[in-house]
Amino acid sequence: MQKVVILGGGVGGTIVANQVARQMGTELKHGDIEITVISESHDHVYQPMFLYLAFDQVVPSEAKKPERDILDRHVKLVEATADRIDRDAKAIVMADGTTIDYDYLVIATGSRPSPEQIDGLPEGGHIFYTEEGAIKLRQALHDFDGGRIVVTVGVPHKCPVAPLEFTFMVQEWAHSRGIGDKTEVVYTYPIGRLHSLEPVAKWAGPVFEERHIESHIFFNPEKVDPTQKTITSLEGETLNYDLLVAIPPHTGQDVIGRSKLGDGGNWVPTNRHTLRMEGSQNIFVLGDATNLPISKAGSTAHFEADIVAANLINLLRGGLGSMQYDGKVFCFIETGMKTATYITFDYTTPPNPPAPTEMIHLYKLAYNRMYWLTPAGLL
Amino acid sequence: MADEVKIVDARGSFCPGPLMELIKGIRQEPVGTVLEVWSSDSGSAKDIPEWVRRAGHELIQNIEEAGIYKVQVKKTR
């Protein structure tokens, strides 16, 4: 029997499990192969909903379902914490000391927000990248009666369009609440333009001007003073705020560090085309867990998962598993409460976003409900 | 540590892009580390040195080899 272990029950890991299970149903039923997903979370969470949760447009239960309900019934699910990956033994050592052997391993452990990397941020600012953080921000916005909202962005972060989306949405939200005249929206960004994608940055400039959104570029948040309500960048600039909303820096998961497989940020060195861990033939890495210089986003994990699943199926049937990932990413961008655009790009093709429309926004809202077809391996 | 050069291969990176990859690398490495960013974007030859100056790090090298822009930076703080 050949054993496939998938470490992580997020979008990437779940897609791989379901696609392999669907296409190798006969081998699974005959016991020729075994697929195991290890996830320390009972629920599968659709994290983009947290943006809407902060604006009280959805509630947490709309963002999650039990992972067991999404996985193919022939896939084993282990709901427990992994302590480390033991490459020599080809096994996952679990926190309770038990081991789970693999012939092929997929590392799909994702990333985690690390607001603690910026002094004072956990006490002085809000984040919407976790359910708990989005609920706190929902209350803070509910209680907000005008003032200076500063949106700041740490590095690296997942969902690179979320900072712009939140900025546009909060500006429109303030106007819709009748406090637009006494609300300033301030946006900071780590590099020398408004977004890493040049066409998006060029498009955002005039929109910021039209909506009177103040911007500060080359601003990498370094410390927050919750008493004085100020944030200071490592470039030496200090801004006042009444409400601070941070897209926090992220790190890879601690299990990568404990396994000594990552770099200084717990990101796993990964071949950008084969998606195999550098120096390994039987370990694949996808999604936020990689060290690849591409967007940390569910979309990236989705396109990578298609390749990893195809290669696993091929390898399990005696092939070489030589399909390659081209760097494809697709993301919607909310440009306010009623319009949106999208970007798509790969390693060689730059993005070229179309003009925002209401139709794209409506499709994004529809996708938020259709998302569950994606980890099921259907969309 | 000062002699070790860590390569940040950001070729083909439209998002987050080479400068953001450098900032990520600098944040997670100790003071004294030398990082060399590889970029396929000619803009990197200009925007990376500008950020390095603002952030107070040291620009060691800024060259182009066969269409790849290679910018070497030492983390100094």
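Predicted model: local features only at pLDDT ≥ 70, side-chain atom pairs only at ≥ 80, totals over all residues.
Start with the contact between the chains. On the chain B side, 22 residues touch 35 residues of chain A. Putting the two together buries about 2,300 Å², and carbon and sulfur atoms account for 58% of that area. Three residues stand out here: Phe14(B), Cys15(B) and Arg27(B) provide 31% of what chain B buries against chain A, more than any other three residues.

As for polar links, 11 residue pairs are in polar contact between chain B and chain A, with both partners at pLDDT 80 or more. The salt bridge count between these chains is 1. In it, the side chain of Asp9(B) meets that of Arg272(A), with an N to O distance of 3.3 Å. Two elements of chain B each give two or more residues to the side that touches chain A, namely α1 (18-28) and α2 (44-55). Of these, α1(B) makes the largest contribution, with 7 residues. Sorted by type, the residues on this side of chain B come to 9 nonpolar, 3 polar and 10 charged.

Over in chain A, helix α10 covers residues 298-316. At 1.5 Å a residue, its 19 residues should span 27 Å, and the end C-alpha atoms lie 26 Å apart, so the two values agree. The rest of the structure largely encloses α10(A), because 14 of its 19 residues are buried, meaning under 20% relative accessible area. After α10(A) comes Gly318(A), which has a positive phi, near 95°.

Definitions and conventions. Residues numbered from 1 in each chain as written. Chains lettered and ligands numbered in written order. Heavy atoms only, no water. Helix = DSSP H or I, 4+ residues; strand = E, 2+ residues; numbered from the N terminus. Expected span 1.5 Å × (residues − 1). Buried < 20%, exposed > 50% of the residue type's maximum accessible area, 1.4 Å probe, protein only. Contact = heavy atoms within 4.5 Å. Buried area = accessible area lost by both parts, 1.4 Å probe. Salt bridge = Lys/Arg side-chain N within 4 Å of Asp/Glu carboxyl O. Polar contact = N/O pair within 3.5 Å; in protein donor to acceptor, adjacent residues only side chain to side chain. Nonpolar A, V, L, I, M, F, W, Y, C, P; charged D, E, K, R; others polar.
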